[in-house]
Amino acid sequence: MSGLGRAGAAALRGATRLVPADRRDWVEAVWAEAAEAPPGLRRLAWRAGGVRLIAREAVVVRRIGGTLLFAVAAVAAGRAAWPGSPATVFTPAARVNVITTVLLLAGLPLLARWFLGPPDTRPARWLRLGCYATLLALLPVVNAVEQFSYTPPRGSAELRVYLLVADPSHRSPGGAGIVVLVVIGLYLAAILWMTSPRSGIAPATLVAGASAGIAFGLVMYTVAPLGLSQDATNPWLPGSDVDPLMVLAWLMLFSCPVVASVIADRRYTAASGSPVPAGDRIRQTVTAALLTSMTGALFAGGAGFATTLAMVREAWLRDWLYHGQHLLYGVQNLSADLRTLPAIAYSHEITGSVDTGVFFAMLIIFPVMTAALNVWVALSVASGDTAAGHGDQRPGGGGPPGPEPAPDLPDGGRSAVTDDYAGLAAGVPGPREPGPREPGQRTEQDQLVGIPR
Amino acid sequence: MSDRSGFSAQTLAVLAALCAQQSQWCHGYALARQTGLKSGTLYPILIRLADRGLVEACWQDEPQPGRPRRHLYRLTADGLAVAAAALAGAAEPAAKPGTRAARPTSGAVAQAVQQ
């Protein structure tokens, strides 16, 4: 073996220490077996498998990688969100927003890890990642839109429009900043709790809530890409309150959380296999509903803010969103000689920017509405007295119980649905008889259904 | 493709290879050759089977001179029963008349099913 080869082998052996002590035997087994593989590419491939095993089992590596990824994303988002010149009345609030948000995103998960434990299922990890990415992406977008709405224009006609539509004396930049921070803090705290092992929320509940929320958010964004203001007409809607898509959005606002609750309850009770306490079921259903409305509002709000910012910066998008067939509030109040084309364009931009406040209202009101609505659903589910509650029966009604559904494994394992060996490597759903259990030991089934330690 | 037992084709291949040795200890490279799996696929499967108590592992007592000690594996009693049931379950679709046989993704599975 060459010096380089020996150094590489030593480095790999050293990397074994990154793996938890109870897993090191397995990594060392791969290194030991490498001597059996024919020299050359096949031995190299065998050792590459060992590296993959280390990457898979090394929690430390994952944690360092996650921290680095967050640091890079936070720096990028903070830099993009940091207000430049010219300074406006919103600039101090924007700076406070950036600093506080990054501190919240960095600090709250640490607290959650200490008090609630790290996320131990794949849906939980993905949900946290999605929440982080959305909040970090939202920060520069929100700041840019707010900065625009607080920046007086230069032209006299535009200034008239600005004073009519977005008079800063009637708005509070500090208040806007506080709303941003409250929304980010509450959402982050809620997601961290839902995805922590101590909450006892089943992965299936998280999947049901997030999926229904994205569907709802997509429809809500389609209906209101620039807020709910009727001044802003979507290019794909006639702009009336009774538009079918508008009706669908309102229906989905109330039905999606209920549907997610019912699905979560069914999957929870089916996975448990035995009667579960009503309190546990209520917790699953309420969480699914809340997650639906939060995900939907975050999706619609994030996309709406991004669309507004893009409209402000890209003339073609503004012209596409507004066909020019109507004059907005500010322009209507101008004298005829001031109804210039730039003033109309600016009117669209400033109205859209000011209307983004609706998204904050959505982010707060939707989950509150859902929580209120879900009290009724949860109580119905718990009493088993509603169509939503299906007791301990499996989906599909009566008859002998079928095979267990195959939810995502908490450890990132997969239940072999492709022929890709790498994708199937972890897929050992295996038998459902757990065998003798140590006191306090959590089985995989416990983790799947969210039974707490 | 997973069968009714919930095991992936790769896991079935490993179970079949271990079944073929019954109570004898096997080492990882031999299992890899029998199943056609790469080390990065084989060992996670072995780890999970061991976590479930279906496979037991130990280090070789007397290593060959000039060779590192090897890690050895065999099915436990529970593992043998589960593997037999899973392999029988995998064979069922092929045996049923009028049903399309599942495509074996591993020679070891196909061999085990034929046996």
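Modeller: Helices (DSSP type H or I, at least four residues) and strands (type E, at least two residues) are DSSP runs, numbered from the N terminus. One of the helices, α2(B), is followed by B:G36, which has a positive phi near 80°. The model is predicted, so local features need pLDDT of at least 70 and side-chain atom pairs count only at pLDDT 80 or more, whereas totals for chains, interfaces and linings use all residues. Residues are numbered from 1 along each chain as its sequence is written, while chains are lettered from A and ligands numbered from 1 in the order in which they are written.

Colleague: How many helices and strands does that criterion give in chain A, and how many in chain B?

Modeller: Chain A has 17 helices and zero strands. Chain B has five helices and three strands, in the order α-β-α-α-β-β-α-α from the N terminus.

Colleague: What makes helix α2 of chain B mostly covered?

Modeller: A residue is buried if 20 or more other C-beta atoms, placed from the backbone, lie within 10 Å of its own, exposed if 12 or fewer do, and partly exposed in between. In α2(B), residues 28-35, six of the eight residues are buried: B:G28, B:Y29, B:L31, B:A32, B:Q34 and B:T35. For the whole chains, buried residues make up 43% of the 453 residues in chain A and 47% of the 115 residues in chain B.

Colleague: Why does A:V89 count as partly exposed?

Modeller: A:V89 has 16 C-beta neighbours inside 10 Å, and therefore counts as partly exposed. A:V89 lies in the loop between α4 (59-81) and α5 (91-116) of chain A.

Colleague: Which residues does A:V89 touch beyond four places in sequence?

Modeller: Contact requires C-beta atoms, placed from the backbone, within 7 Å of each other. By that rule A:V89 touches A:Y150, A:P168 and A:P173. The C-alpha atoms of A:V89 and A:Y150 are 6.7 Å apart, although the two residues are 61 apart in sequence. Of the contacts in chain A between residues at least 6 apart in sequence, 78% join residues at least 24 apart.

Colleague: Why are α6(A) and α8(A) called roughly antiparallel?

Modeller: Axes are lines fitted to C-alpha atoms, for helices over the stretch in contact, and angles between N-to-C directions run from 0 to 180 degrees. Angles under 35 degrees count as roughly parallel, over 145 as roughly antiparallel, 65 to 115 as roughly perpendicular and the rest as oblique. The axes of α6 (residues 122-149) and α8 (residues 173-194) of chain A come within 11 Å and cross at roughly 175°. The two helices are therefore roughly antiparallel. Their contact includes A:L135 of α6(A) and A:Y187 of α8(A).

Colleague: Which residues have the most contacts inside the largest nonpolar core?

Modeller: A nonpolar core is a set of buried Ala, Val, Leu, Ile, Met, Phe, Trp, Tyr and Cys residues joined through C-beta atoms within 7 Å. The largest has 79 residues, and A:L135 and A:Y187 have the most contacts inside it. Its largest share, 15 residues, comes from α11(A). Setting aside neighbours within four places in sequence, A:Y187 is in contact with A:C131, A:L135, A:M294 and A:L298. A second, separate core of 40 residues includes A:A29, B:Y29, B:L42 and B:V82.

Colleague: Why do β1 and β2 of chain B stand at the edges of the sheet?

Modeller: Two strands pair if DSSP finds at least two bridges between them. The three strands form an open sheet in the order β1-β3-β2 (chain B), with antiparallel pairing. β1 (26-27) and β2 (55-59) each have a single partner strand, so one side of each is left without a neighbour in the sheet. β1(B) pairs with β3 (residues 71-75) of chain B over two bridges, with B:C26 opposite B:Y73. β2(B) pairs with β3(B) over five bridges, and B:E56 has B:R74 as its bridge partner.

Terms used: Two residues are in contact if their C-beta atoms, placed from the backbone, lie within 7 Å.
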